[in-house]
Amino acid sequence: MTQTDAFTFDAPEEAEPMSPGQLMRRRALNHTGFLIGSGIIVTLALIAIFAPLIAPHDPFVQSLSSRMLPPVWDPAGSWDHLLGTDQNGRDYLSRLIYGTRVSISIGLGAATVGLLIGVTLGVVAGYFGGWVDHAVSFALTAQLALPGLLLAMALVFIIGPSIWVVIGIIGVLHWTYYLVVTRAATQRLRNLDFVAAATASGATPRQVIWHEILPNLIPQIIVIFTFELGIAILAEASLSFLGVGIQPPTPSWGLMIAEGKQAMFYRPWLVVLPGLSLFTLVIGANLMGDGLRDITAPEGRN
Amino acid sequence: MPLLDVQSLVTEFPGAPGGPGNRAVNEVSFAVERGKVLGLVGESGSGKSVTGFSIMGLVDRPGRVTGGRILFDGQDLASLSGEEMRQLRGRRIAMVFQDPMMTLNPVLTIGTQMTEAITAHEKVSRAESRARARDALGQVGIPSPEERLSAYPHEFSGGMRQRVAIAIALLHNPDLIIADEPTTALDVTIQSQIISEFQRLAETHNTAVIWITHDLAIVSRLADDIAVMYSGRLVETGPVSDVLTDPRHPYTAGLIGSVPSQNTRGTRLRQIPGMTPSLGRLPSGCAFRTRCDRATEACATVPPPETHEGARGFRCIHPVHPELLTQ
């Protein structure tokens, strides 16, 4: 951290120094991983938003006469159901498309809940230090010692499954990364002159936190949010797979994998297709997070 | 009554566990009148910045003020609550920092930062605070202030940033400005402009200024009074013209002697031998004696008491030019 090298990219020296925004835009356009990742995320987000327009069938309509139809590339497949149907005769492609909605909205919701908890604790601990910091560090240690998935299962079991409960519980269990990063960054920032200058000009602790500290944490928070998005999506799929997350008939990829697993060896696509969707979405989020980290902190020491 | 009256101020940082604290500021007393500029001079680590932060009530943990009184406009600052102290900061006592590259928040526009400094103390509309910010920028000589309000710190040069910092300090017409080496990071021409700017503004607003620096040339040009600090203690105080032409303390004499001038061209610069001792291992008696060519065994016994001579004061038992002493 001794030297922040602002000129790591190979651009010709220009007379006008580039603003941080211009620098980031340039780095973003040269970052393959970021472009692929954000491409995946944007595409899947559009699919989620426009699901009713894209989906060929209603994902909830069951049809006993067309159960377990194979996908179109199978000799017995048909173009009417591109990816076949499930054991209740529902169009698999439509369910996958609607599943994007569930995954992304729960991912966004849970990552936001975690952000609110983690950033609040991190900034408060980093800014005030002392016993506040000790208390928060204890909470962190306690949280890290908890078996996350087990606790989530137990909580959902007790409270009862609904989309809001799943969002809340995944969020409440995923704030440690935010806390660790924002706490360290706040400790560094609060010793910088501009924070001292703000205090010297009469700013209250609340003003210092909102105006001096938080705006400088935004890049780190965005990066963590992207990573947590992927983690939360996987957590939702795990809970749904285990039967304590999203409940049928809502199309969730985790749930679809669970429903398809009995027939896994005869109709592998029932498991492979939602699995692939999950994989694509999570790798998209991770590539985007990786890219954002490189773009906002090119020294690679975030 | 002086505007600021610092009496036997002690600011300590914890030393070795169980041992006594390290006194970064040790029994420092001085006063500043309205409209006057006090130059607080010393080497790095002599405690001059800590003195400034002690007045502001902003000494970094784990350091704290453990002794003495700071009277501001007749009021003991130690008796104020945290909120009353906050009200004072920025409104009646303002501070300008050393490195203009670091004192502005890089992610907020100048306008936002100035508006915040205003609304920290007054409930005014956005438009009015913006207008005040614009006027303050114009006052410190920033061209087209209206447009510059929406610029970010990286779009300013170092000198311009320091002007912005000064404009922020002046927003509430403070009674006292503590300037902590505000020109050290700037080149000489900009330095000169900033100093003139300060002089003009201090005069028009009748503001008292404590100018913390290690640069005697700036002090001789700007300050009315000088206070020389060494290892946490004030070793010499008095009117600038007297002290700089006719120093009493060997340390002050050494500092003056080490400034290059036309007359010393071609000869080796005089320098003070040795280094500032660390606070944890100060020599007994006079802290300067290990580097002083006038030191005797008597210097090792007790810290020298302050000798007064008219408006001047110094702490040395073997002062320079003793034949001029009146006592």
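**Entry 1: the annotated span of chain A**

I looked up residues 100-289 of chain A: the end C-alpha atoms lie 19 Å apart, and the span is 82% helix and 0% strand. Helices (H or I, at least four residues) and strands (E, at least two) are DSSP runs, numbered from the N terminus. UniProt, in an unreviewed entry, places the feature "domain: ABC transmembrane type-1" at these residues. UniProt positions are in the numbering used here, feature names are shortened, and annotations may be inferred rather than shown by experiment.

I note that this is a predicted model, in which local features need pLDDT of at least 70 and side-chain atom pairs count only at pLDDT 80 or more, while totals for chains, interfaces and linings use all residues. Residues are numbered from 1 along each chain as its sequence is written, and chains are lettered from A and ligands numbered from 1 in the order in which they are written.

**Entry 2: chain A as a whole**

I listed 12 helices and 0 strands in chain A. The C-alpha atoms of chain A fill a box of roughly 75 × 55 × 30 Å along the principal axes. Of the 302 residues in chain A, 42% are buried. A residue is buried if 20 or more other C-beta atoms lie within 10 Å of its own, exposed if 12 or fewer, and partly exposed in between, with C-beta atoms placed from the backbone. I then took contacts in chain A between residues at least 6 apart in sequence, and 71% of them join residues at least 24 apart. Two residues are in contact if their C-beta atoms, placed from the backbone, lie within 7 Å.

**Entry 3: helix H11 of chain A**

I checked H11(A), residues 253-260: 6 of its 8 residues are buried, so the helix is largely enclosed by the rest of the structure. The buried residues are A:Trp253, A:Gly254, A:Leu255, A:Met256, A:Ile257 and A:Gly260. They pack against helix H4 (92-128), helix H10 (205-241) and helix H12 (269-296) of chain A.

**Entry 4: open sheet in chain B**

I traced an open sheet of 4 strands in chain B, in the order E2-E1-E4-E5 and with antiparallel pairing. Two strands pair if DSSP finds at least two bridges between them. Strand E2 (22-32) and strand E5 (75-76) of chain B are the edges, each pairing on one side only. E1 (residues 4-13) and E4 (residues 64-72) of chain B share 7 bridges, and B:Gln7 stands opposite B:Arg69 in E4(B).

**Entry 5: strand E3 of chain B**

I looked at E3(B), residues 37-41, where 5 of 5 residues are buried. B:Val37, B:Gly39 and B:Val41 point one way, and B:Leu38 and B:Leu40 the other. E3(B) runs parallel to E8 (residues 208-213) of chain B over 5 bridges and parallel to E9 (residues 225-230) of chain B over 4 bridges. B:Leu40 has the bridge partner B:Ile212 in E8(B) and B:Ala227 in E9(B).

**Entry 6: a helix crossing in chain B**

I took H4 (residues 126-139) and H6 (residues 158-170) of chain B, whose axes come within 9 Å and cross at roughly 125°. Axes are lines fitted to C-alpha atoms, for helices over the stretch in contact, and angles run from 0 to 180 degrees between N-to-C directions. That makes H4(B) oblique to H6(B) (angles under 35 degrees count as roughly parallel, over 145 as roughly antiparallel, 65 to 115 as roughly perpendicular and the rest as oblique). B:Ala136, B:Leu137 and B:Gln139 of H4(B) make the contact with B:Val164, B:Ala167 and B:Leu170 of H6(B).
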